[in-house]
Amino acid sequence: MKLFRGLEKTDYQDVLRAIGLFIDEHGYTDVRIIEIEDGLVFQGRVHEQKGIGTSSYETFLITDDDLKEMVRTAAERRGQQPPAFTQ
(Lines give C-alpha, C1' and ligand atoms only; values in the text may rest on other atoms or scores of the structure.)
Protein backbone atom coordinates (compact mmCIF):
# COMPACT_ATOMS: atom_id res chain seq x y z
CA MET A 1 0.00 0.00 0.00
CA LYS A 2 1.15 3.50 -0.74
CA LEU A 3 -0.18 4.44 2.67
CA PHE A 4 3.01 3.39 4.48
CA ARG A 5 5.63 4.66 2.02
CA GLY A 6 8.19 6.95 3.61
CA LEU A 7 7.26 6.06 7.18
CA GLU A 8 9.80 4.63 9.60
CA LYS A 9 7.26 2.07 10.79
CA THR A 10 3.94 0.77 9.55
CA ASP A 11 0.73 1.13 11.49
CA TYR A 12 -0.98 -2.08 10.41
CA GLN A 13 -2.44 -2.50 13.88
CA ASP A 14 -4.33 0.78 13.49
CA VAL A 15 -5.53 -0.14 10.01
CA LEU A 16 -6.67 -3.59 11.14
CA ARG A 17 -8.42 -2.13 14.19
CA ALA A 18 -10.32 0.31 11.95
CA ILE A 19 -11.18 -2.46 9.47
CA GLY A 20 -12.41 -4.57 12.41
CA LEU A 21 -14.81 -1.80 13.42
CA PHE A 22 -16.01 -1.54 9.81
CA ILE A 23 -16.63 -5.31 9.75
CA ASP A 24 -18.54 -5.20 13.03
CA GLU A 25 -20.65 -2.21 12.00
CA HIS A 26 -21.72 -3.91 8.76
CA GLY A 27 -22.14 -7.40 10.21
CA TYR A 28 -19.74 -9.04 7.76
CA THR A 29 -18.60 -12.64 8.16
CA ASP A 30 -16.26 -14.82 6.09
CA VAL A 31 -14.06 -11.80 5.43
CA ARG A 32 -11.25 -11.61 2.87
CA ILE A 33 -8.80 -8.70 2.82
CA ILE A 34 -6.23 -8.42 0.04
CA GLU A 35 -3.57 -5.72 0.08
CA ILE A 36 -2.93 -4.05 -3.27
CA GLU A 37 -0.93 -1.01 -4.40
CA ASP A 38 -3.84 1.44 -3.94
CA GLY A 39 -5.36 0.10 -0.74
CA LEU A 40 -7.28 -3.02 0.21
CA VAL A 41 -9.72 -5.20 -1.69
CA PHE A 42 -12.35 -6.18 0.86
CA GLN A 43 -14.88 -8.95 0.57
CA GLY A 44 -17.35 -9.91 3.27
CA ARG A 45 -20.46 -12.01 3.51
CA VAL A 46 -23.67 -10.29 4.52
CA HIS A 47 -26.82 -12.00 5.58
CA GLU A 48 -29.79 -10.79 3.61
CA GLN A 49 -33.24 -10.51 5.08
CA LYS A 50 -34.91 -12.13 2.04
CA GLY A 51 -35.03 -15.65 3.38
CA ILE A 52 -33.70 -18.04 5.95
CA GLY A 53 -30.12 -19.07 5.30
CA THR A 54 -29.52 -16.77 2.33
CA SER A 55 -26.42 -14.64 2.12
CA SER A 56 -24.24 -12.91 -0.41
CA TYR A 57 -20.83 -11.25 -0.61
CA GLU A 58 -20.04 -7.59 -0.98
CA THR A 59 -16.72 -6.72 -2.60
CA PHE A 60 -15.13 -3.30 -2.90
CA LEU A 61 -11.89 -1.34 -2.87
CA ILE A 62 -10.96 0.55 0.27
CA THR A 63 -8.47 3.15 -0.97
CA ASP A 64 -5.57 4.58 1.00
CA ASP A 65 -7.60 7.77 1.47
CA ASP A 66 -10.53 5.72 2.79
CA LEU A 67 -8.18 3.94 5.19
CA LYS A 68 -6.73 7.21 6.45
CA GLU A 69 -10.21 8.48 7.23
CA MET A 70 -11.23 5.20 8.88
CA VAL A 71 -8.10 5.19 11.08
CA ARG A 72 -8.51 8.88 11.96
CA THR A 73 -12.15 8.37 12.95
CA ALA A 74 -11.37 5.24 14.97
CA ALA A 75 -8.57 7.01 16.86
CA GLU A 76 -10.83 9.95 17.65
CA ARG A 77 -13.52 7.57 18.95
CA ARG A 78 -10.94 6.16 21.37
CA GLY A 79 -9.79 9.66 22.37
CA GLN A 80 -6.33 9.09 20.89
CA GLN A 81 -4.10 11.00 18.51
CA PRO A 82 -4.31 9.56 14.96
CA PRO A 83 -1.09 8.08 13.51
CA ALA A 84 1.22 10.34 11.50
CA PHE A 85 0.03 9.11 8.10
CA THR A 86 -3.42 10.58 8.73
CA GLN A 87 -2.18 14.13 9.29
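Mentor: A helix here is a DSSP run of at least four residues labelled H or I, and helices are numbered from the N terminus. The model is predicted. The protein has 2 helices and 3 strands, in the order α-β-β-β-α from the N terminus on.

Trainee: What makes Glu69 and Arg72 about one helical turn apart?

Mentor: They are separated by about one turn because they stand 3 residues apart in helix H2.

Trainee: Why is the pair Glu69 and Arg72 called a salt bridge?

Mentor: The closest N and O atoms of Glu69 and Arg72 are 2.3 Å apart. The cut-off between a side-chain nitrogen of Lys or Arg and a carboxyl oxygen of Asp or Glu is 4 Å, so the pair at 2.3 Å qualifies. Arg72 also meets Glu76 in a salt bridge, at 2.7 Å from N to O. Glu76 and Arg72 lie in H2, 4 residues apart, again about one turn of the helix.

Trainee: What are Glu69, Arg72 and Glu76 linked in?

Mentor: The three are linked in a network of salt bridges. For the whole protein the count comes to 5 salt bridges.

Trainee: How do you know whether Glu69 is buried, partly exposed or exposed?

Mentor: Buried means under 20% relative accessible area and exposed means over 50%. Glu69, at 40%, falls in between and therefore counts as partly exposed. Arg72 at 26% is partly exposed as well, and Glu76 at 46% is also partly exposed.

Trainee: Why is Asp14 called buried?

Mentor: Its relative accessibility is 15%, which is under the 20% limit, so Asp14 counts as buried. Asp14 lies in helix H1, residues 12–26. Leaving out residues up to four places away in sequence, Asp14 touches Val71, Arg78 and Pro83.

Trainee: How do you know that Arg17 forms a salt bridge with Asp14?

Mentor: Their closest N and O atoms are 3.2 Å apart. That is within 4 Å, so the pair meets the rule. Arg17 and Asp14 are 3 residues apart in H1 and therefore separated by about one helical turn. Arg17 itself is partly exposed at 41%.

Trainee: What makes the span of H1 close to the expected one?

Mentor: H1 has 15 residues and reaches 21 Å from its first C-alpha to its last, against 21 Å expected at 1.5 Å a residue. H1 is followed by Gly27, whose phi is positive, near 70°.

Trainee: Which residues of H1 are buried?

Mentor: Asp14, Val15, Ala18, Ile19, Phe22 and Ile23 are. In the largest nonpolar core, which has 14 residues, the members touching the most others are Ile19, Phe42, Ile62, Leu67 and Met70. H1, strand E2 and H2 (64–77) each supply at least two residues of this core, and H1 gives the largest share, 5 residues. In soluble globular proteins, nonpolar side chains tend to be buried together.

Trainee: What makes the meeting of the Arg45 and Asp30 side chains a polar contact?

Mentor: The two side chains are joined at 2.8 Å. The limit for a pair of N or O atoms is 3.5 Å, so this distance passes.

Note on methods
Residues numbered from 1 in each chain as written. Predicted model: local features only at pLDDT ≥ 70, side-chain atom pairs only at ≥ 80, totals over all residues. Heavy atoms only, no water. Buried < 20%, exposed > 50% of the residue type's maximum accessible area, 1.4 Å probe, protein only. Contact = heavy atoms within 4.5 Å. Expected span 1.5 Å × (residues − 1). Polar contact = N/O pair within 3.5 Å; in protein donor to acceptor, adjacent residues only side chain to side chain. Core = buried A, V, L, I, M, F, W, Y, C linked by side-chain atoms within 4.5 Å.
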